[in-house]
Amino acid sequence: MSYLNKAQLIGRCGGNPDVKTINEQGRKAAQFSLATTERYKDRNGEVKEQTEWHNIVLWRGLAQTAEKYVHKGDKLYIEGKIRSRSYDDQNGVKRNI
């Protein structure tokens, strides 16, 4: 049995992509934040906004494309999988991303 892990986001790029070459073969990875904002009216009719920040990671050819064409403030459509991981930071504190 297989399950669906698919995310579709439309939002604004929070900063220029941080692109790194991660091995001797020249494989690249790009990382940047994406802001998605939901607008709604509360009970009093006031318009409210709620912004969520997403960490985006692109690999290989997509990383190269982002390096050339993606800039802070650009409106982007992102489709992919949700992945999470944990690591120990410099102070030994476990972090989840």
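**Terms and their grounds**

Biologist: Why is Arg60 called exposed?

Modeller: Exposed means over 50% relative accessible area, buried under 20%, and partly exposed in between, with a 1.4 Å probe and protein chains only. Arg60 has a relative accessible area of 52% and is therefore exposed. This is a predicted model, in which local features need pLDDT of at least 70 and side-chain atom pairs count only at pLDDT 80 or more, while totals for chains, interfaces and linings use all residues. Residues are numbered from 1 along each chain as its sequence is written, and side-chain values use heavy atoms, with hydrogens and water left out.

Biologist: How many bridges join β2 to β3, and how many join β1 to β3?

Modeller: Strand β2 (residues 18-21) runs antiparallel to β3 and is joined to β3 by 4 bridges; Thr21 has Lys28 in β3 as its bridge partner. In this hairpin, with 6 residues between the strands, Gly26 has a positive phi near 90°. Strand β1 (residues 7-13) pairs with β3 (residues 28-41) over 2 bridges, also in the antiparallel sense. Cys13 has Leu34 in β3 as its bridge partner.

Biologist: Which residues make up the largest nonpolar core?

Modeller: A nonpolar core is a set of buried Ala, Val, Leu, Ile, Met, Phe, Trp, Tyr and Cys residues joined through side-chain atoms within 4.5 Å. The largest has 12 residues: Leu9, Cys13, Ala30, Phe32, Leu34, Ile56, Leu58, Ala63, Ala66, Val70, Leu76 and Ile78. Two or more residues come from each of β1, β3, β4, α1 and β5 (75-80), and β3 gives the largest share, 3 residues. In soluble globular proteins, nonpolar side chains tend to be buried together.

Biologist: Why does Ala66 count as buried, and which residues does Ala66 contact beyond its sequence neighbours?

Modeller: Ala66 has 2% relative accessibility and therefore counts as buried. Ala66 is found in helix α1. Contact means heavy atoms within 4.5 Å. Leaving aside neighbours within four places in sequence, Ala66 is in contact with Pro17, Ala30 and Leu58.

Biologist: What makes Glu79 and Lys6 a salt bridge?

Modeller: A salt bridge is a side-chain nitrogen of Lys or Arg within 4 Å of a carboxyl oxygen of Asp or Glu. The closest N and O atoms of Glu79 and Lys6 are 3.4 Å apart, and the pair forms a salt bridge. Glu79 lies in strand β5 and Lys6 in the segment before β1, so the pair ties together parts that are 73 residues apart in sequence. Glu79 is partly exposed at 44% relative accessible area, and Lys6 is partly exposed at 47%.

Biologist: How many salt bridges are found in the whole structure?

Modeller: The search finds 6. Among them, Asp42 and Lys48 have their closest N and O atoms 3.9 Å apart, and Arg95 and Asp89 have theirs 3.0 Å apart.

Biologist: Why is Asp89 called buried, and why is Arg95 called partly exposed?

Modeller: Asp89 has a relative accessible area of 19% and is therefore buried. Arg95 has 39%, so Arg95 is partly exposed.

Technical notes. Two strands pair if DSSP finds at least two bridges between them.
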